[in-house]
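Let's take a walk through this structure together. Have the sequence and the 3D view open, and we'll go from one spot to the next.

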Amino acid sequence: MDKAAGEPLKQYHRQRHHHNDHHNLPTPTSLKASDALPLPLYLTNGLFFGLFFSVAYFLLHRWREKIRNSTPLHILTFPEIAGIVCLSASVVYLLGFFGIGIAQSFISRGSQDSWDVEEDQMMEKKGGLCAAEKCSGPAKSPAASLACTLAPVPSARAVSTMFQTPLLGSDDEEVIKGVVSGDIPSYSLESKLSDCKRAAVIRREALQRMTGRSLEGLPLEGFDYESILGQCCEMPVGYVQIPVGVAGPLLLDGKEYTVPMATTEGCLVASTNRGCKAIYASGGASSVLLRDGMTRAPVVRFGTAKRAAELKFFTEDPANFDTLCVVFNRSSRFGRLQNIKCTIAGKNLYMRFSCSTGDAMGMNMVSKGVQNVLDYLQTDFPDMEIIGISGNFCSDKKPAAVNWIEGRGKSVVCEAIIKEEVVRKVLKTNVATLVELNMLKNLTGSAMAGALGGFNAHASNIVTAVYIATGQDPAQNVESSHCITMMEAVNGGKDLHISVTMPSIEVGTVGGGTQLASQSACLNLLGVKGASKDSPGSNSRLLSTIIAGSVLAGELSLMSAIAAGQLIKSHMKYNRSSKDVSEIAPSN
């Protein structure tokens, strides 16, 4: 391995305060906490777990029957009294003894744990032993002997790699060995070390040793790993750099926006920028927001299709909608139920809930509201079996006609009239050629291909670039890129009317990747950072119209390049690397 592979760990070590003693595990004792139990621990725990769940099910079943029969709950039969006593006993046991198994496992493995740092440091001070000599040196405690006996023997490749690594701190080195051997799960480093940066450094070094491959070139420094913990990414070992360019100014609805685009495709930003220039020179574009509602569609099953139809009629009945709204809206300050549309497949029912979600993209928000409604419906429909909170009738991250027709997220139309002179001088083509190309390519050609929502030139290019730059979910570009591009000659055939209709733009300005520093800066550039205090939801709606306006600019420029025969020429100029790929060897 390249010597530079371990450099991030060495560099981080210089910056970090030395050795946190609280990472050491408890020392072993001769007594076990489970010795006081008459049965083995696993049998005792299994007995009380089974008792707890079986009695709880029995009591819930009995009480539901009482509620249906209008029987007072305080009138108890002998089986119910016995059940309550057993439930109480099992709860007392589980509260008192649930942690015994875990505590015992830590106690029993304390003598052999690979990151008993204090023991290793004492041995190193006495004998100055290296990692390979610790198991053969003259001075070893019984605990150290046991650790050497049970420790896995590293392969020759691992040993070779180990000696190529720059000098590491003894505590970090022991953790790395534990990860490599499998004694320490890689995913647990953040919680065990309480230091996200250090966890990433150690995980990265362990990964290089296990694979024998260098990660040189994948940046590690300069990123806030605390900001992604439990929110954006698990088990990080670095971050990927994607260049961010800007297109604009985009003149939309009377305001100017500079659009950030994160991409590795040459010509994309330049082409979108040319489209923005043509729109600006023609007086700007305008947009209309048609709908704003995130969807989630659970699937439930009944014994018969008739019962499934009864729930369909119940949920779609306007008389029941207000009640369902109250139940749904309890889940959030911003989530507001808009409508429920159902479809049946045999005895299975798919209920598509749509709700407003403020400035959040809103998938979690709508899911919580749907769960509330399902819990409520089970009171009147006890035979309803919930198969899944999502039944793909939503439909998320998949091309689907329901999104193309009904919409999902923000539904936006953006249009502009491009003057004849601008078409000729800026776009280097003419109106008649553009209109004909759009009809034969975007409309007829897409229809021949059986396209679903793909009646455009390259809407997904712009959507994905802006999504990555602003912290959106890139996978949602699947439905967010649904777009139909229309072109028509107007004003006696002199000028060009162009529009894009995008029924399912799924964006948010809070939550997810929007809180990361780089993505937050790009949102701030557009003036839509965070939640709007004056009008909740207005920032995410504005972002959706900016995306539609950017797609309009990208469609206009690319179609013009194709019409003028410039596509290949521009890509050969801006989208070709000057490096000799034959000279680039893989890094080991």
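Start at P219: leaving aside neighbours within four places in sequence, P219 is in contact with R204, Y225, G238, Y239 and Q241, where contact means heavy atoms within 4.5 Å. P219 itself belongs to the loop between α10 (196-211) and β1 (244-252); helices (H or I, at least four residues) and strands (E, at least two) are DSSP runs, numbered from the N terminus. With a relative accessibility of 17%, P219 counts as buried, given that buried means under 20% relative accessible area, exposed over 50%, and partly exposed in between (1.4 Å probe, protein chains only).

A word on what you're looking at: this is a predicted model, in which local features need pLDDT of at least 70 and side-chain atom pairs count only at pLDDT 80 or more, while totals for chains, interfaces and linings use all residues. Residues are numbered from 1 along each chain as its sequence is written, and side-chain values use heavy atoms, with hydrogens and water left out.

Now zoom out for a moment. The protein has 22 helices and eleven strands, and 43% of its 588 residues are buried. Take the contacts between residues at least 6 apart in sequence: 73% of them join residues at least 24 apart.

N273 gives you a local example of chain segments meeting. You'll find N273 in helix α11, touching V246, A247 and G248 once residues up to four places away in sequence are set aside. A247 is 26 residues from N273 along the chain, yet their C-alpha atoms are separated by 4.4 Å. N273 is partly exposed, at 30% relative accessible area.

Stay with α11 (residues 268-281) and look across to α21 (residues 538-563): these helices pack at an angle of about 100°, with their axes 7 Å apart. The axes here are lines fitted to C-alpha atoms, for helices over the stretch in contact, and angles run from 0 to 180 degrees between N-to-C directions. Why call the pair roughly perpendicular? The label follows because angles of 65 to 115 degrees count as roughly perpendicular, those under 35 as roughly parallel, those over 145 as roughly antiparallel and the rest as oblique, so α11 and α21 are roughly perpendicular to each other. On the α11 side, S271, T272, R274, G275, C276, A278 and I279 make the contact, and they meet a set in α21 that includes G549, L552, A553, L556 and A561. The residues of this contact divide into eight nonpolar, eight polar and one charged; Ala, Val, Leu, Ile, Met, Phe, Trp, Tyr, Cys and Pro count as nonpolar, Asp, Glu, Lys and Arg as charged, and the others, Gly among them, as polar.

On a 1 Å grid over the protein atoms alone, a pocket is an open set of points with protein on both sides within 12 Å along at least five of seven lines, a cavity is a set where a 1.4 Å probe fits but cannot get out, and lining residues have an atom within 4 Å of a point. The second largest pocket holds about 830 Å³ of space, a volume being the space filled by probe spheres set on the points, with grid points joined across faces, edges and corners. Its lining has 31 residues, with F223, Y239, V240, L516 and Q519 nearest the centre. Helix α20 gives the most to that lining, four residues, and the lining's classes come out as 18 nonpolar, twelve polar and one charged.

As for cavities, a search of the whole structure finds two of 30 Å³ or more.

Most residues other than glycine have a negative phi, and most peptide bonds are trans. G248 and P249 are joined by a cis peptide bond, with omega about 10°, and P249 lies in strand β1. Another cis bond joins C394 and S395, with omega about 0°. S194, not a glycine, has a positive phi of about 55° and is exposed at 58% relative accessibility.
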